[in-house]
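Let's take a walk through this model, starting with charged side chains and ending with rings. Keep the viewer open as you read.

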Amino acid sequence: MLNLERLRTLDALARHGSVSGAADGLHVTTSAVSQQMAKLEREVGQQLLAKNGRGVRLTDAGRLLADHAARILSQVELAQSDIEAQRGQVVGEVRIGAFPTAARGLFPAAIAALRADHPELRVHSRELEPEQGLAGVIRGDLDLAVVLDWSNKRLPVPGGLTQVHLFDDVPDVAMRRDHPLAGRSEVDLEEFADDDWVSWPEGEFCHDWLMFTLRSRGIEPRIPHLAAEHHTQLALIAAGLGVCVAPRLGRGPVPEGVALVPVRHRMQRHVYAAWRTDADRRPSIRAAVEALRAVVGPAS
């Protein structure tokens with residue numbers, strides 16, 4: 001009989017493409033992955049992995065069994081969802097991830113409410129960028145991810161996921177109080193064509209959005225400073241090192257000497273929750289979504 005955990009290891013290898021990637025995804029050591037695969041090969045009586053340079057690749061038999069493993073694991077997820085739904089109780093474990101400002105702005109109140117309302121539910125949370133959050137849900141590392149996209153640049157969402165909109169976050173432009181535009185009630189991005197920008201790290205979805213947005217307005221941005229944390233970005237602004245886009249979600253106290261001005265052509269970050277459709281009936285996921293919605297309020 002095929003062992004479910006070994007099939008899960010094979011599925012992780014197929015999705016990640018390497019032993020180290022599978023180990024990271026499963027939160028185990030590389031030797032544990034190799035041991036599970038060796039046992040699975042003995043169980044099926046066929047070679048599932050072959051050397052490929054310094055790494056490994058799936059053999060034809062490995063790919064065939066990996067396809068079956070993905071379907072088996074999906075059926076297991078459905079079975080777990082149906083059992084939880086039949087019981088109707090919010091118990092067990094739920095693993096949630098969110099991009100940093102959502103983790104800071106939503107998770108403390110939402111998780112506290114979940115603990116108070118459902119004491120038998122164990123909640124585990126992680127900070128992850130939107131693409132990483134969606135990948136974690138697809139892989140099964142997360143049960144639910146809070147992700148974002150922008151009104152003019154959407155985040156590609158893989159198939160097999162259910163999404164629900166939580167709210168829209170409206171950002172401002174942050175600048176020093178002595179900036180010529182600091183006293184305005186509204187600004188246009190084109191007015192910052194000669195300013196240096198502080199942005200998110202290269203490769204992050206929001207950095208790509210900023211580059212796309214400024215270039216679509218005819219601005220080739222100068223970005224000498226990159227920082228993942230908005231508090232760090234605002235500290236750089238306070239030091240007179242440029243301007244930045246400052247979302248309102250999870251913003252917290254603004255440093256002395258920093259002005260925030262709304263953008264005339266309204267920019268919006270769409271914030272939503274995503275989970276695997278085959279886990280749709282799990283009461284724990286529904287409870288987590290309800291807790292997040294309660295934090296953002298009825299106006300969302």
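Arg 222 is partly exposed, at 41% relative accessible area. Keep in mind that you're looking at a predicted model. The partner of Arg 222 is Asp 196: the two form a salt bridge, and their closest N and O atoms sit 2.9 Å apart. This pair links distant parts of the chain, with Asp 196 in strand 8 (residues 196–199) and Arg 222 in strand 9 (residues 222–226), 26 residues apart. Asp 196 is partly exposed too, at 29% relative accessibility.

How many salt bridges does the structure hold? The count is 19. One of them joins Glu 43 and Arg 6, with 2.2 Å between the closest N and O atoms. Glu 43 belongs to helix 3 (residues 30–44) and Arg 6 to helix 1 (residues 4–16), so this contact ties together parts that are 37 residues apart in sequence. Is Arg 6 buried or exposed? Arg 6 counts as buried, at 16% relative accessibility, because the cut-off for buried is under 20%. Glu 43, at 34%, is partly exposed.

For a local case, go to helix 4 (residues 60–87), where Arg 63 and Asp 60 both lie, three residues apart, or about one turn of the helix. Their side chains meet in a salt bridge at 2.3 Å, N to O. Here Asp 60 counts as exposed with 58% relative accessibility, while Arg 63 comes in as partly exposed at 42%. There's also a network of salt bridges to look up: Arg 95, Asp 143 and Arg 282 are linked in it. As a rule, side chains of opposite charge can pair when their charged atoms come close.

Three strands make up an open sheet in the order 10-7-11, with antiparallel pairing. Strand 10 (244–246) and strand 11 (258–262) are at the edges with a single partner strand each, so one side of each has no neighbour in the sheet. From one strand to the next, the twist averages 40 degrees. Strand 7 (residues 172–176) pairs with strand 11 over five bridges, in the antiparallel sense.

Strand 5 (residues 144–150) is the next stop, and Ala 145 lies in it. Ala 145 is buried, with a relative accessible area of 0%. Leaving aside residues up to four places away in sequence, Ala 145 touches Gly 97, Gly 133, Leu 134, Val 137, Tyr 272, Ala 273 and Ala 274. Leu 214, by contrast, is 28 Å from Ala 145, C-alpha to C-alpha, and 69 residues apart in sequence.

Finally, the rings. The structure holds two aromatic pairs. In one, the rings of Trp 150 and Trp 209 have centres 3.5 Å apart and planes at 10 degrees, so the pair is stacked. Trp 150 is in strand 5 and Trp 209 in helix 8 (residues 205–216), 59 residues apart, which makes this a link between distant parts of the chain. Both Trp 150 and Trp 209 are buried. In the other pair, Phe 192 and Trp 197 have ring centres 6.1 Å apart and planes at 70 degrees, so the arrangement is edge-to-face. Phe 192 is buried at 0% relative accessible area, and Trp 197 counts as buried at 0% as well.

Note on methods:
Residues are numbered from 1 along each chain as its sequence is written. This is a predicted model: local features need pLDDT of at least 70, side-chain atom pairs count only at pLDDT 80 or more; totals for chains, interfaces and linings use all residues. Side-chain values use heavy atoms; hydrogens and water are left out. A salt bridge is a side-chain nitrogen of Lys or Arg within 4 Å of a carboxyl oxygen of Asp or Glu. Helices (H or I, at least four residues) and strands (E, at least two) are DSSP runs, numbered from the N terminus. Buried means under 20% relative accessible area, exposed over 50%, partly exposed in between (1.4 Å probe, protein chains only). Two strands pair if DSSP finds at least two bridges between them. Axes are lines fitted to C-alpha atoms, for helices over the stretch in contact, and angles run from 0 to 180 degrees between N-to-C directions. Contact means heavy atoms within 4.5 Å. Rings of Phe, Tyr and Trp (its six-membered ring) pair if their centres lie within 6.5 Å; planes under 30 degrees apart count as stacked, over 60 as edge-to-face and the rest as tilted.
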